[in-house]
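I opened this notebook to keep track of what I looked up in one structure. The entries follow the order in which I went through it.

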Amino acid sequence: MSSTHGDTVRYVRDTMLPEQEPPVTSTGIIGWGRENLFRGPFNTVVTIVSLLFIYYVLAGVLPWVFQSVWFADSLGECREIATATWGESHGHACWAVIRERWLQLLFGFYPSELYWRPILAFVLLLVALAPVLFPWAPNKLLWVSAAYPFLMPWLMWGGTIWSPLLVAVGFAILILGTRYLSEMVGSLGAVILATLAAVVWWLFLVGPISSALSGALPIGLEAMESRDFGGFMLSILIGVVAIGCSLPIGIVLALGRQSDLLIVKSICVGFIEFIRGVPLITLLFVASTLLNIFMPPGTDFDIILRVMIMVTLFASAYMAEVIRGGLAALPKGQYEGADSLGLDYWQAQRLIIMPQALKISIPGIVSTFIGVFKDTTLVSIIGLLDPIGLTNAIRADAAWNGIYWELFAFIALLFFIFCFGMSRYSMYLERRLKTDHS
């Protein structure tokens with residue numbers, strides 16, 4: 001259709017053109033490759049060099065992993081089988097050591113008939129974490145979360161059931177005392193009095209009462225010594241305790257560092273700076289050797305418990321600085337808004353300040369968790385047989401003397417699975433909470 005007005009001619013289309021398929025070179029894997037791998041000369045060169053490097057690495061790693069020996073009784077037999085099969089033993093892994101010793105790498109010297117106890121403790125750990133980490137988990141599982149800190153030591157070390165139950169009573173004294181004494185002596189006084197009552201209960205009453213109840217009604221599990229602990233089980237044990245305890249202690253230290261009370265601030269700053277200025281291995285040596293010197297004669301202070309305390313304190317100092325960074329990132333208006341609502345200090349921290357600070361600090365918190373979990377391998381230096389320490393014991397066997405890479409590759413895979421899982425959960429949590437405000 002056309003219209004003429006003077007010298008102007010206008011053409012108006014009265015039909016639509018049919019839709020056409022996009023060019024093949026801009027869709028699918030070809031389009032993705034052109035956009036991401038071969039967009040421009042520099043990008044093309046980098047892609048080609050990277051592919052050549054990947055091919056070079058895989059050409060050496062894949063045969064070592066898959067052209068390997070799984071069934072042998074010694075390293076020498078592995079090499080004989082590899083030579084008979086592929087003409088040489090170099091470049092072929094001997095996974096037979098993993099097939100023979102994987103249970104030892106996982107459980108250390110824990111009795112095989114009692115493997116169900118650490119396995120049950122690990123399963124209960126997953127159940128206890130579910131309502132804390134995921135919103136879809138039933139709230140009823142929070143009872144498992146509350147009971148787990150007392151069930152786990154009992155399952156791992158055994159002994160009478162009355163000891164963990166009485167320790168739990170001490171926490172009940174702390175919580176109820178803080179709640180009911182606050183009206184009479186104020187919140188700070190209630191916390192101090194309840195804490196003193198709980199400490200007296202734990203130090204002086206739990207032992208005698210537990211012994212009396214054990215004599216009257218002996219219920220418990222076979223007791224285990226800490227020297228039987230080892231392998232990846234020991235790393236998870238230390239890591240879980242340090243991670244679970246370092247976060248609340250780090251929050252308290254971060255708040256104490258920002259406190260207006262001079263003594264509280266000085267103690268928190270001194271603790272954080274001292275711990276962050278000392279290598280973890282130094283603290284572990286203190287835990288293994290020097291700490292007993294300052295204990296009363298005859299005191300039996302478990303070595304694993306000492307290591308847990310030192311690793312937890314070390315992680316808490318770093319956690320405090322991560323959380324302090326989140327607190328510093330909050331605008332001043334958030335504090336002023338809390339004051340305008342008439343909230344006291346602890347209400348403001350619980351309802352407004354701390355949730356936002358923790359949300360901002362999620363990447364740093366998870367990075368600290370991952371670092372703490374990997375640092376548990378340092379306990380091998382003080383004689384505890386974690387997976388790294390067990391490699392020395394395995395290689396001391398004449399049958400496997402001289403084997404290295406297979407053991408360390410297996411241990412690296414185990415740590416990667418756990419650390420990668422924590423990293424992915426951190427990303428999931430950031431997306432769910434929308435920390436980037438996008």
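**Entry 1: a term to settle.** I call a residue buried when its relative accessible area is under 20%, exposed when it is over 50%, and partly exposed in between. Glu 100, with a relative accessible area of 37%, is therefore partly exposed. I also note that this is a predicted model.

**Entry 2: salt bridges.** I looked up how many salt bridges the structure holds. The number is 7. One of them pairs Glu 100 with Arg 101, and their closest N and O atoms are 3.5 Å apart. Arg 101 counts as buried because its relative accessibility is 15%, while Glu 100 is partly exposed at 37%.

I then went to Glu 321. Its side chain meets that of Arg 257 in a salt bridge, at 2.8 Å from N to O. This pair links distant parts of the chain: Glu 321 sits in helix 11 (residues 303–329), Arg 257 sits in helix 8, and 64 residues separate them. Are the two buried or exposed? Glu 321 is buried, with a relative accessible area of 17%, and Arg 257 counts as buried at 15%.

Glu 321 has another partner, Arg 276, and here the closest N and O atoms are 3.9 Å apart. Arg 276 lies in helix 9 (residues 262–276) and Glu 321 in helix 11, so this pair ties together parts that are 45 residues apart in sequence. Arg 276 counts as partly exposed because its relative accessibility is 34%. Salt bridges with shared partners join Arg 257, Glu 273, Arg 276, Glu 321 and Arg 324 into one network.

**Entry 3: cysteines.** I counted disulfides next, and the count is 1. Cys 78 is joined to Cys 94, with the sulfurs 1.9 Å apart. Cys 78 is in helix 3 (residues 75–86) and Cys 94 is in the loop between helix 3 and helix 4 (96–107), so I read the link, in the terms used for helices, as one between distant parts of the chain, 16 residues apart. The torsion about the S-S bond is about 60°, so the disulfide is right-handed. Both Cys 78 and Cys 94 are buried.

Cys 245 counts as partly exposed at 33% relative accessibility, whereas Cys 268 counts as buried at 8%.

**Entry 4: the nonpolar core.** The largest nonpolar core has 92 residues, and Phe 229 and Trp 400 touch the most other members. Helix 8 (residues 231–257) gives the largest share of this core, 13 residues. I listed what Phe 229 touches beyond four places in sequence: Tyr 110, Met 156, Trp 157, Met 224, Leu 234, Leu 237, Ile 304 and Leu 385.

**Entry 5: Asp 386 and helix 15.** Asp 386 lies in the loop between helix 14 (362–375) and helix 15 (387–395). Asp 386 is buried, with a relative accessible area of 0%. Its contacts, leaving aside neighbours within four places in sequence, are Gly 231, Leu 234, Ser 235, Thr 376, Thr 377, Val 379 and Ser 380. The C-alpha atoms of Asp 386 and Gly 108 are 7.5 Å apart, although the two are 278 residues apart in sequence.

In helix 15 I found these buried residues: Pro 387, Gly 389, Leu 390, Thr 391, Ile 394 and Arg 395. Their cover includes helix 4, helix 8 and helix 16 (405–433).

**Entry 6: Ala 338.** Ala 338 lies in helix 12 (residues 332–340) and is buried, with a relative accessible area of 1%. Not counting residues up to four places away in sequence, Ala 338 touches Leu 343, Ala 348 and Ile 352. Ile 353 is 15 residues from Ala 338 along the chain, and their C-alpha atoms are separated by 8.3 Å.

**Entry 7: a surface patch.** Last, I looked at a nonpolar surface patch of about 920 Å². Leu 51, Phe 53, Ile 54, Tyr 56, Val 57, Leu 58, Val 61, Leu 62 and Phe 66 make this patch. Leu 58 lies in helix 2 (residues 41–66) and is partly exposed, with a relative accessible area of 39%.

Definitions and conventions
Residues are numbered from 1 along each chain as its sequence is written. This is a predicted model: local features need pLDDT of at least 70, side-chain atom pairs count only at pLDDT 80 or more; totals for chains, interfaces and linings use all residues. Side-chain values use heavy atoms; hydrogens and water are left out. A disulfide is a pair of cysteine sulfur atoms within 2.5 Å. Helices (H or I, at least four residues) and strands (E, at least two) are DSSP runs, numbered from the N terminus. Buried means under 20% relative accessible area, exposed over 50%, partly exposed in between (1.4 Å probe, protein chains only). Patches are made of residues with over 30% relative accessible area and no salt bridge: like charges are joined within 9 Å, nonpolar side chains (Val, Leu, Ile, Met, Phe, Trp, Tyr) within 5 Å. Accessible areas come from the Shrake-Rupley method with a 1.4 Å probe; for residues, only the protein chains shown count as cover. A salt bridge is a side-chain nitrogen of Lys or Arg within 4 Å of a carboxyl oxygen of Asp or Glu. Contact means heavy atoms within 4.5 Å. A nonpolar core is a set of buried Ala, Val, Leu, Ile, Met, Phe, Trp, Tyr and Cys residues joined through side-chain atoms within 4.5 Å.
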